[in-house]
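Subject: Structure handover

Hello,

Here is the structure for you to look over. My notes on what turned up follow below it.

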Amino acid sequence: MTKVSLEIKIKAVEEYLSGTEVKAVVARKYDIGRMLFCVLVGIYEKHGRKGLLNFPLVTGKFRIKLVEWRQQHNASIVETCVQFAFRSPGSVQKWEKIYLNQGKGVLLEMHRGVKNNQKTRPAETSEEITKRELILAHTKRCFKKINSNDSKQKDDQKVLKKIRYQLKILAELGPKIRPPHSKVINIQSWN
């Protein structure tokens, strides 16, 4: 699905609420996921247009409050999003998983846009960078050689094909017929 602007989402919700079509049809028409569309409709019904326009400030305390409310009320993801006027059902699911597996502290420390389980790479020394550059340069040179040898390899394959054909004929005819000396190819070494 493509990213849909907030204006289009509000237009879709208002079209649905006008009563002409069902949720699934309107969601498909505007290329909005079904769960997200249910969340948008719920927020609009509970909080009005303002609820969709004003995104709540997401902090560690907000995340914990949201997850704990969901667990206390045994609510669905859609109901939780509607309650908090929060338009991201995927985040709710992710936060609950973190809360259950790693605890409240991790939700408090999370920052927007930072993946929690991402391991940072240690800083490289200049020696490691130099080694990597040398390896990369060597690899590029090898690829150049391979590409320049492609035409030679094609010619070699044609010669091998001719030799196989001649050997096949010789094997079939045996000692009866021997090709003239000018046609026999001398094979020195094919490694």
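The protein chain has eight helices and zero strands. Here helices (H or I, at least four residues) and strands (E, at least two) are DSSP runs, numbered from the N terminus. From that end, the elements read α-α-α-α-α-α-α-α.

Before you go further: this is a predicted model, where local features need pLDDT of at least 70, side-chain atom pairs count only at pLDDT 80 or more, and totals for chains, interfaces and linings use all residues. Residues are numbered from 1 along each chain as its sequence is written, and side-chain values use heavy atoms, with hydrogens and water left out.

Overall picture. Of the 191 residues in the protein chain, 25% are buried. Buried means under 20% relative accessible area, exposed over 50%, partly exposed in between (1.4 Å probe, protein chains only). Contact means heavy atoms within 4.5 Å. Among contacts between residues at least 6 apart in sequence, 57% join residues at least 24 apart.

H4 and H6. The axes of H4 (residues 60-73) and H6 (residues 89-102) come within 10 Å and cross at roughly 85 degrees. Axes are lines fitted to C-alpha atoms, for helices over the stretch in contact, and angles run from 0 to 180 degrees between N-to-C directions. The two helices are therefore roughly perpendicular. That label covers 65 to 115 degrees; under 35 is roughly parallel, over 145 roughly antiparallel, and the rest oblique. On the H4 side, the residues that meet H6 include Phe62, Leu66 and Arg70. Their partners in H6 are Val92, Trp95, Glu96, Tyr99 and Leu100.

Arginine 70. This residue sits in helix H4. Its relative accessibility is 15%, so arginine 70 counts as buried. Beyond its neighbours within four places in sequence, arginine 70 touches Ala75, Ser76, Ile77, Thr80, Val92 and Glu96.

Aromatics. Rings of Phe, Tyr and Trp (its six-membered ring) pair if their centres lie within 6.5 Å; planes under 30 degrees apart are stacked, over 60 edge-to-face, the rest tilted. That rule gives seven aromatic pairs. One of them is edge-to-face: tryptophan 69 with phenylalanine 84, at 5.8 Å centre to centre and 85 degrees between the planes. Tryptophan 69 lies in H4 and phenylalanine 84 in H5 (residues 77-84), 15 residues apart. Both are buried. Phe55, Phe62, Trp69, Phe84, Phe86 and Trp95 form one aromatic cluster.

Cysteines. There are zero disulfides, a disulfide being a pair of cysteine sulfur atoms within 2.5 Å. Cysteine 38 is partly exposed, because its relative accessibility is 28%. Cysteine 81 is buried, at 0%.

Best wishes
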